[in-house]
Amino acid sequence: MRTDDVVVVRDESWTVARTENFEHCTIFTLDGCGPGNWGRRLQAIAPFDHVTRAQAAPPRCRKRAAVLRRALGVIAQEQPALGLWTAADARLDLLAYQFEPALSVLRGATRVLLADAVGLGKTVQAGLILAELQARGLVERALIVCPAGLRESWAGELRDRFGIAAAVLDHSAITGDLRFLPAHVNPWSAHRVIVASIDFIKRPEVLAAAEGVAFDLVIADEAHHLTPDSDRARAVHRLATRAPWVILVSATPHSGDQAAFDFMTSIGALGDRLTVFHRSRADIGRPRNRRTRRVAVRPTADESQLLDAVDDYARAIWHGRGRSDYAVQLVAITLARRAASSATALGRTLARRRALLSGNGPATPAQPALPWDEVDDEDGAEPTQWLAQPGLPDEEVERRRLSALIDLSRRAAACSSKLARLRRFLARAGEPAVVFTEYRDTLEAAAVTLSAAFRLGVIHGGVPAPIRQDVVRQFDAGCIDVLLATDTAGEGLNLHRRCRLVIDLELPWNPRRLEQRVGRVDRLGQQRRVHALHLVHRGSVEDRVWRHLEQRRRRATEVLSGWDAPTVDDVARTIYDGVAAHRPSITTPFATRMDGADDEVRRVSGQRQWRARLGVVRHDTVFARARRPWQSTAAAALFEAVQLGPHGSVIERRMHARKILLHGVHTAAAWREVLSSLLNAGVDGGADARLTATRLAVLARIDAARTRLAAQSGLHQGSLFEGRADHAANAGRELAAHLDRALARRAESLAVTDLGPVNSRLVAIWPLTSRS
C-alpha cells in the first residue's frame, strides 16, 4: 500500500497516512474518508487487521455545481509543507500569536520557550506543536512533564482540543499496565503520548525506566521550577538532550536570578538556539479588563502588638547574625511574611523555632515520601536546617523573645481581622470567589472561619492531585461557593469559566506570584471584568512591601509579566536595610516574532469554513461537460499532488489547476480521451527546496544528541574484582545503542536529499464559461 491510497479496514474506507514495515507486521496509520469515520484516525496492524485496497472508481459525470463543490472540498484539505495541518479541525480560536510557535518549529526551531503572560494559552500552543509534528509522522512518542496537579488538565486539553490520547502515568497507572504487559516490555513504551509529574519522573527508578524510551518531543510545563542543582532539572535535562524537539513552558521564567534563568534556558541544549516567545496582553492587542484594589484592614489591638513585636524581632536577627548567615535572613523573611498572613501560621512557625533552638526538635527525620505520594510541601512547614539557626548572640534571650511572641500570636489568633473582613466581603459579594494564601496553616484557619457560611473547597500541596481536580470540578459546576487555595496547589488552574473574583489574604513578596494568582481567572475566554482584592494590614510591613512593588511597577512596563521583577530578597533588603538592592542588568534571549502568521490564520480560517460546509469529500474523480460542447473552448482541471518523504509519510499536499484547451471535443468519446490523458498526467511537488533549511537544523540537533550518547556510553573503566559495574555499563551501552537507532530512524525520516515520489491524481475537471 502507498501513502494516500484508499483502503478498506473493518468495513470502512480509509486513506493511508503512513506505513511502517517491521519484520513480522506492518502498521498502517489511516485517516477516515467515509461518512461514518470522517475525521477519525486509526492504526491497523497487518496481518491481524485485514487491509485491502479499495476498488478505484471510474470518473463520474456530475453537474457543474457539484463538481465545483468537490473541487472546493479537496482544496480545503490542502497541507502546505510549512503550514499548519491540524489547526482547522482543532477546537481552538484562530489567533496569529498562538500559531507562531508551531510555525517556528516547522521552519526549523528545535528548542522553544513559551513565556507568554499568564492566561494567553501556552498549553494550547504547546499542544498545537505536538499535533503538527504528529500529523507529519515526525513525533511518534512525546513526554509532557508538569506539576502533579496539572496532569489531568494537560491530558484533557490534548484530548478535547486536538483529539490526542495522552496517558497520565503515575505509580498506580504503571502498576496497572504491568498486569497486562509482557515481563520484558517497558510500561513507558506502551503509550504514544505520556503526561507525568516532574516529582514522579525525577525519582531514580522512574527516570531509569523513562530513559529507556526514545521520546521525539519533551515538553516541560512550569519550567521555572527547574532550578540549578535540583533533581527536577537534572531529570528533564537528561531526557531533553535525547529528543529532537524540546518545549519549555513558563509564564514567569525569570525570577530576577540571572544564573537560574541562564540554567533553565540551557535545559536540553545541544548547541542549538533557544527560540523565545514572550508576549503580553498589550502585545497581542488584548488589554486587561481588570480592576485591582488594595484593601487596608485595621488590625486588632492584639494583632498590632504582634505585628510590631515580630517586626522588631525580624529586624534584630537580620542585623545580628543575619549579616553573615543567609539562613537567618530567611528566618526573618519567613516570620514577617507569616505574620502578615495569619497569627495562626506565625504561631506554629514560632513554636517550631523555639523547640529547635531548645534542642527539642524532631528526634527522627521526617518519613520519606512513598513512590505513589506526589505531594508538594512548598506551602507546608519550613525546612528544619535553617529554621534552627539562632539569630541573636544570646540564645537564652532569643528563646524568651520567642516565647513572648508565641503568647501574643495565641491571643491574636482568637480574632483575625483579615478573616473577619473576608467573611463580610464574601457575604456581600454573593458570587464565586477564589481565596489565595501562601500557607496551609492560614488556609486551615480560613476554612474554620468560613465553613459555617459558605460551601468551601480547599486545595493545597498536601492534597493528592485527583482530589484537587475533583474539588476544582465541583467549583466549576457550582457545587462550591469559595475555593481556598495555596499558591502551590493553584498553579496552572483554569477557573475563569465561572469565577472573576480573586482575594489575596496576604501580599506575596514575589510580584510574579501575585500575577499567577489573578491569572487563574484573568485568562482568554473570561467574559467579565476581573476583580482582584489584596488584603493588607494597615501600618504593617505589608504597607512597605506594597509601596516598594508599586515603585517598581511605575518604573517598568508590565513588571508583573515582564522580565525585570524584584525578588523576595530584593524586597527584604529594601525593608530591613532601607535601600533598594543593586541588581545587575538582566539579559534575556531575543523574543521571536514569526512572519506569515496572519496569512496562515486566514488560510486556516477558510479551510475550517469550507470543511464545515462541505463535510465528507469522496476520493474519486468527477467531471462536468458543457451543455453546448461546441461552444466550450477550454476547461479547468484540478490536480492533487502529494509529496512523500523517505518512509512514505506525507510532506506536502498541494492542489494545482491547469487550463485545458478543448479544440474539437464535442462528443462523449472525445471527453473520455481528454480524461484518459489527464488521469495519467503528473505534477511536480517542489517541497524539497523549502524544507532543506528547516530540516537541516533538526538533523544537526539529532547528530549532536547521537554524539553525546556515544560519549556517555563509552565512559567506563572495567574492574578485575567487581562485575556489577561492568553489567551496569553494558546495560548503559545497550540503552545508548537503542536510543541511537531511534534517533537514526528519525534522521532518515527528515532527510531532504532523498524524498519519495509525488503521487498525483485528477480531482475534477469542468468547462470554463465566458465569465470564468
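## Contacts and overall composition

Of the contacts in the protein chain between residues at least 6 apart in sequence, 78% join residues at least 24 apart. The model is predicted. Its secondary structure amounts to 25 helices and 23 strands.

Buried residues account for 55% of the 772 residues in the protein chain. The chain exposes about 34,500 Å², of which carbon and sulfur atoms supply 51%.

## The aromatic pair

One aromatic pair is present in the structure. Tryptophan 188 and phenylalanine 200 form this pair, which is stacked, with 6.4 Å centre to centre and 20° between the planes. Tryptophan 188 belongs to the loop between α5 (171-178) and β10 (193-197), while phenylalanine 200 belongs to helix α6 (residues 198-201), so the pair ties together parts that are twelve residues apart in sequence.

Tryptophan 188 counts as buried, at 1% relative accessibility. Phenylalanine 200 is likewise buried, its relative accessible area being 2%.

## Charges over rings

Arginine 136 places its charged end over the ring of tryptophan 85, at 4.0 Å from the ring's centre.

## Threonine 265

Threonine 265 is located in helix α9 (residues 258-265). With a relative accessibility of 10%, threonine 265 counts as buried, because the cut-off for that class is under 20%.

A polar atom of the threonine 265 side chain lies 3.1 Å from the backbone oxygen of aspartate 262. When neighbours within four places in sequence are set aside, threonine 265 is in contact with Arg111, Leu113 and Leu274.

Notes: Residues are numbered from 1 along each chain as its sequence is written. This is a predicted model: local features need pLDDT of at least 70, side-chain atom pairs count only at pLDDT 80 or more; totals for chains, interfaces and linings use all residues. Side-chain values use heavy atoms; hydrogens and water are left out. Helices (H or I, at least four residues) and strands (E, at least two) are DSSP runs, numbered from the N terminus. Buried means under 20% relative accessible area, exposed over 50%, partly exposed in between (1.4 Å probe, protein chains only). A polar contact is a pair of N or O atoms within 3.5 Å; within protein, one must be able to donate a hydrogen and the other to accept it, and residues adjacent in sequence count only if both atoms are side-chain atoms. Contact means heavy atoms within 4.5 Å. Accessible areas come from the Shrake-Rupley method with a 1.4 Å probe; for residues, only the protein chains shown count as cover. Rings of Phe, Tyr and Trp (its six-membered ring) pair if their centres lie within 6.5 Å; planes under 30 degrees apart count as stacked, over 60 as edge-to-face and the rest as tilted. A charge sits over a ring if NZ of Lys or CZ of Arg is within 6 Å of the ring centre and within 35 degrees of the ring normal.
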